[in-house]
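Subject: Structure handover

Dear colleague,

Here is the structure I said I would pass on. My notes follow it.

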Amino acid sequence: MPPPLEAADNPEQLERIVIEPLTRVEGHGKVTLLQDENLNIKQARLHIAEFRGFEKFIQGRPYWELPVLVQRLCGICPVSHHLAAAKATDMIVGATELTTTAEKIRRLMHYGQTLQSHALHFFHLCSPDLLFGFDDEVRHRNIVGVIEDSPEIAKQGVMLRKYGQEIIRITSGKRIHGTGAIPGGINKSLSRDEISYLKTDSDQVIDWAQQAVSLVKRIFFEHYDYHMAFASIDSSMMSMVGKDGAFEIYHGGLRANDKQGENIFDHVNYRDYGDYIKEGVKNWSYMKFPFISSIGQADGWYRVGPLARVNNCDFFTTALAEEQRQEFIRNGDGRPVQSTLAYHWARLIELLHCAEAIGELLNDGDLCGNDLLNRGTLQSSGTGVIEAPRGTLFHHYEINDDGLVEKASLIVSTTNNNQAMNESIRKVAGQYLDGNRLTEALLNQVEVAIRAYDPCLSCATHAMGKMPLQINLVNANNELQDRLEKRISGEIRRTL
Amino acid sequence: MAPQTEQSPILVFSYGNPSRGDDALGPALNALLEKNQQATNSPDRVELLTDYQLQIEHAIDLEQRECVVFIDASVCCTPPYEFQLLQAQRDSSYTSHAMSPAAVLAVYRQINQSPPPPCYLLTIRGYEFDLGRDISEQAAGNLQQAFAFITKLLAGDTKHWPAIPAVSNS
């Protein structure tokens, strides 16, 4: 039995409204809403043409190239793929543990990546929605709009992003296509000068991160009931945690809690993830639908990412983030916080934690160590899992006797959130679009729900001119009735 | 963050994914320029940067420049390439993680409260953008013509560069 609004009884008799964003980094996704003659929403689906070509792209390549090669899968989170592949190849080369220096430098790189990704998402993509409201005119809903009204906030967003990028550059050796993590460890440690350079701004970054958390809370509480209810769905949540239950994004066990917060599994060795997570398929979507196998496909879907991580962990190891987590959790009244827009709040608590953790690591002498590599007996397969900014990321490889990849399996964060994004859209569609003609403001409500998850597809092409937002209106006979195109300039044109 | 070193007066910023067919045109031109940098100009005069895509922090890379050239692949420019002066312009790509070069200029203007340096966009026509593909034969020809154009341009005085937002296509 599909969830409400996933499948209409007589879809051929309904009018089809298609929201089709064509962007170069988020891949090709569209939302279809089917209305009946009375304008009631009868079906709502998020279609994402997940790009599967990367597994073929990887096959036949030597395993030692993987940490560098996979960065080309995605222009948004190359470091996440870099580290997940490095962890998988650690296993292949038999490095059961990393040296202290190697692990700390990889962690520093990952904190830098998460910091810059979260800063970009909040300040560039989402704060405009929250700062100015969903119905605000389009010109405000980008960072330039933020800058015009709050220039200091926008500048902080740019500088936080820049700081994270500098950490990546220094820890990975290059601004892009870094080679820092290699099978079994890292290829360079940090110099005293590099650490001094990064420490120059680390206190300022923590201060900015604190201000960002204060800002998102102020926004959230100004319209508390609305933010708690918008696109809110009850779901299970999965994330990585440390051995002691601490918040963890680099290395730990998998924990899943149900919508009431009751534990489903805990401290699962991620190398065994296939025993706990299965991938379902639906005939209307190219993207798979992962689910917790013990619950089954119908109810076993879950959410990943900041909301899941902050809900699932027992504590943060840094003081400021832990203080914020405790306040956050109180809003669940004993259950996990299920508000979809609370992703933004949780994301900034993570940003604060990353800023604090970076500050701590920069005072750790192990970053300058010389013991960089561990090796053991070569294995025929390897699995690497990390918490990417958007959620849990799985890499699994099998190699042949020549060290060439024979099989590659990846589950990216956005795929883990596939069903949850669909559920949130159904909530919004049922709540805000039912009985109404489509307007730009209402369309934006759907986009706001999707954007909360910070979806990202492995599709980093950049050709200029490929970024219109296209909206098609199709009748019950599948005839195109109307088409709107939103150009990069914000201009909306009727092109039929 | 404060820059680690003094900025070169000219920045050439290429972007694109090297593993996605003709999307690699920007990075490929960057590689050609790196090899040829001694012949085109003093390395201190021109800084070459490359990235997957443009983002908000790239506004900071424009600071203290005499002028900037962005280089990207294009699916719609007139082949073999187009060259134009950019105007700062807000874009509406808020659902995307990538920005247009004009939007980066707009971010610069707002966070610095001053106009950006003269910035140009060199777009090279591409045709195939699938993962794992090499640059197509047709795009490779366009790349060579664009390389010849930018090499000559960088060797000259920036005062002689086009001063109006017009398309130049050799």
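I start with a loop in chain B: Pro80(B) lies between strand 3 and strand 4 (81-85) of that chain. The peptide bond joining Pro79(B) and Pro80(B) is cis, with omega at about 5°. Please keep in mind throughout that this is a predicted model.

Two further backbone points concern phi. Most residues other than glycine have a negative phi, and most peptide bonds are trans. Ala231(A) has a positive phi, near 55°. Its place is the loop between helix 8 (224-229) and strand 6 (236-241) of chain A. With 27 other C-beta atoms within 10 Å, Ala231(A) is buried. Gln64(B) also has a positive phi, near 65°, and is found in the loop between helix 3 (58-61) and strand 3 of chain B. Gln64(B) has 13 C-beta neighbours inside 10 Å and therefore counts as partly exposed, since a residue needs 20 or more to be buried and 12 or fewer to be exposed.

Chain B as a whole

Chain B contains five helices and five strands. Along the sequence they follow the pattern β-α-α-β-α-β-β-α-β-α. Of its 170 residues, 49% count as buried. Among the contacts in chain B with a separation of 6 or more, 73% are between residues 24 or more positions apart.

Strand 1 (residues 10-15) of chain B has five of its six residues buried, so the strand is largely enclosed by the rest of the structure. Strand 1 of chain B pairs with strand 2 (residues 46-51) of chain B in the parallel sense, over six bridges. In that pairing, Tyr15(B) stands opposite Asp51(B) of strand 2. Strand 1 of chain B also runs parallel to strand 3 (residues 67-74) of chain B, and five bridges join the two. Here Phe13(B) is opposite Phe70(B) of strand 3.

Helix 4 (residues 101-112) of chain B has twelve residues, which should span 16 Å at 1.5 Å a residue; its end C-alpha atoms are 16 Å apart, which agrees. This helix is mostly covered, with nine of its twelve residues buried. Among the buried ones are Val104(B), Leu105(B), Val107(B), Tyr108(B) and Ile111(B). Just after helix 4 of chain B, Gln113(B) takes a positive phi of about 55°.

In chain A, three strands form an open sheet in the order 12-13-14, with antiparallel pairing. Strand 12 (381-388) and strand 14 (405-411) of chain A are at the edges with a single partner strand each, so one side of each has no neighbour in the sheet. From one strand to the next, the twist averages 10°. Strand 13 (residues 391-399) of chain A pairs with strand 14 of chain A over six bridges, in the antiparallel sense. One bridge pair there is Glu398(A) with Lys407(A), the latter in strand 14 of chain A.

Helix 3 (residues 78-92) of chain A packs on this sheet and touches strands 12 and 13 of chain A; its direction makes about 150° with that of strand 12. From its first C-alpha to its last, helix 3 of chain A reaches 21 Å over 15 residues, close to the 21 Å expected at 1.5 Å a residue. It is mostly covered, with 15 of its 15 residues buried. Just after this helix, Gly94(A) has a positive phi of about 80°.

The largest nonpolar core

Which residues touch the most other members of the largest nonpolar core? They are Ile425(A) and Leu122(B), in a core of 170 residues. Helix 11 (residues 342-361) of chain A gives the largest share, 13 residues. Domain 1 (11-49 + 421-494) and domain 2 (65-416) of chain A both contribute residues, so the core lies between them. Setting aside neighbours within four places in sequence, Leu122(B) is in contact with Val69(B), Ile71(B), Tyr81(B), Phe83(B), Ala146(B) and Ile150(B).

Regards

Methods
Residues are numbered from 1 along each chain as its sequence is written. Chains are lettered from A and ligands numbered from 1 in the order in which they are written. This is a predicted model: local features need pLDDT of at least 70, side-chain atom pairs count only at pLDDT 80 or more; totals for chains, interfaces and linings use all residues. Two strands pair if DSSP finds at least two bridges between them. Helices (H or I, at least four residues) and strands (E, at least two) are DSSP runs, numbered from the N terminus. Axes are lines fitted to C-alpha atoms, for helices over the stretch in contact, and angles run from 0 to 180 degrees between N-to-C directions. Two residues are in contact if their C-beta atoms, placed from the backbone, lie within 7 Å. A nonpolar core is a set of buried Ala, Val, Leu, Ile, Met, Phe, Trp, Tyr and Cys residues joined through C-beta atoms within 7 Å. Domain bounds come from an automatic or database domain assignment. The expected span of a helix is 1.5 Å times one less than its number of residues.
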